[in-house]
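Visitor: I would like to go through this entry and ask what stands behind each label.
Guide: Then let us look at it together.

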Amino acid sequence: MRNADNVCAQRIGNHQAVTVGGMQGQLQLNVFKPLIGANLLRSIDLLSTGMEAFAAQCVAGLQANEPHCGTCAAIAHARHGVCS
């Protein structure tokens, strides 16, 4: 999960850089366009790589504990009735 934390932290930093760069445009001439583009592309790559790693290392092979889910559902139904 530390990898996901790192991906999120870097993505937040990239977003902040893009936000600041977007605020600095004067007269439709934004000298920060290279920064904006580079951080956008970095974020796309970072998120796609991070999702692939998360799927392979954390999600692949997960199975529901059906008896436990059934017990929890029965308890919730008994406490709260049927939601419609």
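**Labels and their cut-offs**

Visitor: Why is Asn14 called buried?
Guide: Asn14 has a relative accessible area of 4%. Buried means under 20% relative accessible area, exposed means over 50%, and partly exposed lies in between, with a 1.4 Å probe and protein chains only. Asn14 is therefore buried.

Visitor: What kind of model is this, and how are residues numbered and values taken?
Guide: This is a predicted model, in which local features need pLDDT of at least 70 and side-chain atom pairs count only at pLDDT 80 or more, while totals for chains, interfaces and linings use all residues. Residues are numbered from 1 along each chain as its sequence is written, and side-chain values use heavy atoms, with hydrogens and water left out.

Visitor: Where is Asn14 found, and what is Asn14 in contact with?
Guide: Asn14 is found in helix α1. Contact means heavy atoms within 4.5 Å. Leaving aside neighbours within four places in sequence, Asn14 is in contact with Asn39, Arg42 and Ser43.

Visitor: How do you know whether Ser43 is buried or exposed?
Guide: The relative accessible area of Ser43 is 4%, so Ser43 is buried. Ser43 is found in helix α2, residues 33-59. With neighbours within four places in sequence left aside, Ser43 is in contact with Arg11 and Asn14.

Visitor: Which residues of α2 are buried, and what covers them?
Guide: In α2, Asn39, Ser43, Gly50 and Ala53 are buried. What covers the buried residues of α2 includes α1 (2-23).

Visitor: What makes Gly37 partly exposed?
Guide: Gly37 has a relative accessible area of 26%, so Gly37 counts as partly exposed. Gly37 is found in helix α2, and its C-alpha atom is separated by 8.3 Å from that of Val18, 19 residues apart along the chain.

Visitor: Is Asn3 buried, exposed or partly exposed, and what value decides which?
Guide: Asn3 has a relative accessibility of 40% and therefore counts as partly exposed. Asn3 lies in helix α1. Asn3 and Gly50 are 47 residues apart in sequence, and their C-alpha atoms are 7.4 Å apart in space.

Visitor: How many helices and strands are there, and what makes a run count as one?
Guide: Helices (H or I, at least four residues) and strands (E, at least two) are DSSP runs, numbered from the N terminus. The protein has three helices and zero strands, in the pattern α-α-α along the sequence.

Visitor: Why is the protein called more spread out than a compact globule?
Guide: The radius of gyration is taken over C-alpha atoms, and the globule rule is 2.2 Å times the number of residues to the power 0.38. For 84 residues the rule gives 12 Å, and the protein has 22 Å, well over that value, so the protein is more spread out than a compact globule. The C-alpha trace spans about 65 × 30 × 20 Å along its principal axes. Of the 84 residues, 10% count as buried.

Visitor: How does the reach of α2 compare with what is expected?
Guide: The expected span of a helix is 1.5 Å times one less than its number of residues. α2 has 27 residues and reaches 37 Å from its first C-alpha to its last, close to the 39 Å expected. Just after α2, Gly61 takes a positive phi of about 90°.
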